[in-house]
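Q: I'm new to this one and would like a close look at a single part. Could you walk me through the metal site and what lies around it?

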Amino acid sequence: MNSTIQFRALGPCIGAEAEGIDLREPVSAAQAEEIHAAMDRYAVLVFHGQPLTDEQHLAFTRALGPVEDTRGNNLRETADSRLPPLFADVSNLDANNRPYGQDDRRRLFAIGNRLWHSDASFRAIPAKYSLLRALRIPSKGGNTEFAHMGAAYEALDDETKAVIEDLVCEHSQLFSRAAIGFTEFTAEERERFKPVHQKLVRTLPRTGRSSLYLSSHAGTIVGWPLAEARLLLRDLTEHATQREFVYSHQWQVNDLVIWDNRQTMHRGRAFPAGEPRDVRRTTLKGDGLTVEQPAAA
Ligand SMILES: [Fe+2]
């Protein structure tokens, strides 16, 4: 098949708009490869005007690789579920399509995603791509911002690169939620969210490009005093989220945005709590462990 997709860069280092493809139609292997190549280069791809069904969204995801089951990653019960299996419900809506109350525990947990993070960095094998589609958006706010961790890594001085090269962090949603004062977890949730290890610098297999692997889920550095670890992670996050490394996406209904969690962080921005924001995510499985996990205690 001829090359049909055009990619237009959205900034100097991150993001491109894709045109010339209807994601309701089956995606050929050649088109999937064009998308992977563009993801390697831009890390975030925006597809406007894609009025997909959930089935078409899932079929497109499968065309790019094996799909991750994200159940258990938040505080929604299965009975709360609005969406088919394999979808992460990133909306603020309950099973009856009504916005959660402002004090709802599920909402307060979910707004932890307003901190910079990489999806599922708290899983031993973390996510590859996330594919998020917007069905309803609030009247204002609710942008998603993306920061390029490869460009941020390359801008570090050599001394810092040497310090962080072999470091391993512990990641857990318990850390990211504690950062916003959310610490009330059941014993079952603490067990489900127990920390995993991730390298702080990872390399993209296809490009060989190194990247900071940061996330608000990273709570400490193995072998370091906690205070020093937190300060280094905070410094690196401040560095990596400077505006020159960031693209801010203002959503339109029927946008589908793909990002590469291996080489980006992202965060949702605030919006009026009483307004529905229906966004749905599928996730591609990661390539493997970034580092060997500690033996279970
Ligand atoms: Fe996220």
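A: Let's begin with the spacing of the iron ion's donor residues along the sequence, which reads H-x1-D-x146-H. Those protein donors are H117 (NE2), D119 (OD) and H266 (NE2), lying 2.1 Å from the iron ion. Helices (H or I, at least four residues) and strands (E, at least two) are DSSP runs, numbered from the N terminus.

A word on the model: it is predicted, so local features need pLDDT of at least 70 and side-chain atom pairs count only at pLDDT 80 or more, while totals for chains, interfaces and linings use all residues. Residues are numbered from 1 along each chain as its sequence is written, and side-chain values use heavy atoms, with hydrogens and water left out.

Now for the largest pocket. It holds about 1,000 Å³ of space and is lined by 48 residues, with N74, R76, A88, D89 and V90 lying nearest its centre. The elements giving two or more residues to that lining are β4, α3, α6 (173-178) and β14; the largest share, four residues, comes from α3. (A pocket, on a 1 Å grid over the protein atoms alone, is an open set of points where a 1.4 Å probe fits, with protein on both sides within 12 Å along at least five of seven lines; lining residues have an atom within 4 Å of a point. Points are joined across faces, edges and corners, and the volume is the space filled by probe spheres set on them.)

D89 deserves a stop of its own. It is found in strand β4 (residues 88-89), and it counts as buried because its relative accessibility is 11%. Its side chain makes a polar contact of 3.5 Å with that of R76 and another of 2.7 Å with that of S91. (A polar contact is a pair of N or O atoms within 3.5 Å; within protein, one must be able to donate a hydrogen and the other to accept it, and residues adjacent in sequence count only if both atoms are side-chain atoms.)

Conventions. Buried < 20%, exposed > 50% of the residue type's maximum accessible area, 1.4 Å probe, protein only. Donors = N, O, S within 2.8 Å, 3.2 Å for Na, K, Ca; no water.
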